[in-house]
Amino acid sequence: MSKTNEAQARIKINSLLIESGWRFFDDQNIKANVVLEPNVKLTKTQIDDFY
């Protein structure tokens, strides 16, 4: 898979998750409703720093 196709797939998946109401991170108004693994807390900054 080319990098362009992978990037487009990631964007599409992200859009679908947002539309369906999945939230990986707490927002100012709403708490996260997805847990990646029990007892693991990631921040948006950690994810952004990784990529």
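**View 1. A nonpolar patch on the surface of the predicted model.** W22, F24, L36, V40 and L42 form this patch. Together they have about 450 Å² of accessible area (Shrake-Rupley method, 1.4 Å probe, only the protein chains shown counting as cover for residues). Patch residues have over 30% relative accessible area and no salt bridge; nonpolar side chains (Val, Leu, Ile, Met, Phe, Trp, Tyr) are joined within 5 Å, like charges within 9 Å. This is a predicted model: local features need pLDDT of at least 70, side-chain atom pairs count only at pLDDT 80 or more, and totals for chains, interfaces and linings use all residues. Residues are numbered from 1 along each chain as its sequence is written, and side-chain values use heavy atoms, without hydrogens and water.

**View 2. V40 and L42 in the loop between α1 and α2.** V40 lies in the loop between α1 (3–19) and α2 (44–50); L42 is found in the loop between α1 and α2 too. Helices are DSSP runs (H or I, at least four residues), numbered from the N terminus. V40 is partly exposed because its relative accessibility is 44% (buried is under 20%, exposed over 50%, partly exposed in between; 1.4 Å probe, protein chains only). L42, at 32%, is also partly exposed. L42 and F25 are 17 residues apart in sequence, and their C-alpha atoms are 8.1 Å apart.

**View 3. The largest pocket.** Its volume is about 550 Å³. A pocket is an open set of points on a 1 Å grid over the protein atoms alone, where a 1.4 Å probe fits, with protein on both sides within 12 Å along at least five of seven lines; lining residues have an atom within 4 Å of a point. Of the 15 lining residues, N14, F24, F25, K44 and I47 lie nearest the centre. Helix α1 gives the largest share of the lining, 4 residues. The lining divides into 8 nonpolar, 1 polar and 6 charged residues.

**View 4. The second largest pocket.** Its volume is about 200 Å³. The lining includes F24, F25, V40 and L42. It divides into 8 nonpolar, 1 polar and 3 charged residues.

**View 5. Salt bridges.** The count comes to 3 (a side-chain nitrogen of Lys or Arg within 4 Å of a carboxyl oxygen of Asp or Glu). R10 pairs with E6, the closest N and O atoms being 2.9 Å apart. Both lie in helix α1, 4 residues apart. D26 and K31 meet at 3.6 Å, N to O; D26 is partly exposed at 40%, whereas K31 is exposed at 61%. K44 and D48 meet at 3.4 Å, N to O.

Terms used
Helix = DSSP H or I, 4+ residues; strand = E, 2+ residues; numbered from the N terminus. Points joined across faces, edges and corners; volume = space filled by probe spheres on them. Nonpolar A, V, L, I, M, F, W, Y, C, P; charged D, E, K, R; others polar.
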